[in-house]
Amino acid sequence: MISSLELCEFIERGGVFCNVEGSAPAEIYRKVVDSLALPADVDKELVYNELCEREKVLSTAVGNGIAIPHPRRPLMKKSEDQRIVVCFLKNPINMGAPDSLSVHTMFILLSASSQVHINVLSSLAKLIRKPEFKKLLESKPALEQLITAIKQTEFN
């Protein structure tokens, strides 16, 4: 599993995007990917296409208004380039979540290895099950507030 400090590092690298506009995942992915500062050896178009392809296979909405979009394969070349991009949507969108709730928050995961990918997904799943964290996400917190909350959360 990934520690809360590692999760915070991933989010600090990826950043927080507030009030992202779009009525479908592909629209949102386009706006976010175009705005990302990615390493020179990572092609933005590849990232965008991989996110869209993954969404076609199965929705990345996990419930409670949250989605964890991610490519099916690692795209980052170096471990220090791994990141989670947090997106608070301007208007929630229907992504076919298991609980039928519209998505208001996305954690876009870009990893360098399958093992890290799985561990981050596991850590995020534990984090977003916490009622106090879910409530915080609804307020669209700034990066600093989000990082503080994660550091204070136990993953057990």
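**Exercises: salt bridges and strand pairing**

Helix H3 (residues 44–57) contains both Lys56 and Glu53, which are three residues apart, about one turn of the helix. Helices (H or I, at least four residues) and strands (E, at least two) are DSSP runs, numbered from the N terminus. The model is predicted: local features need pLDDT of at least 70, side-chain atom pairs count only at pLDDT 80 or more, and totals for chains, interfaces and linings use all residues. Residues are numbered from 1 along each chain as its sequence is written, and side-chain values use heavy atoms, with hydrogens and water left out.

**Exercise 1.** Characterise the contact of Lys56 with Glu53.

*Solution.* Step 1: the two form a salt bridge (a side-chain nitrogen of Lys or Arg within 4 Å of a carboxyl oxygen of Asp or Glu), their closest N and O atoms being 3.2 Å apart. Step 2: Lys56 is exposed at 64% relative accessibility, whereas Glu53 is partly exposed at 36%. Here buried means under 20% relative accessible area, exposed over 50%, and partly exposed in between (1.4 Å probe, protein chains only).

**Exercise 2.** Locate the partners in the salt bridge of Glu21 with Lys90.

*Solution.* Step 1: their closest N and O atoms are 3.6 Å apart. Step 2: Glu21 lies in the loop between S1 and helix H2 (25–35) and Lys90 in strand S4, 69 residues apart, so the pair links distant parts of the chain.

**Exercise 3.** Describe the pairing of strand S4 (residues 83–93).

*Solution.* Step 1: pairing requires at least two DSSP bridges between two strands. Step 2: S1 (residues 16–20) runs parallel to S4, joined by three bridges, with Val20 opposite Leu89. Step 3: S5 (residues 103–110) pairs antiparallel with S4 over seven bridges.
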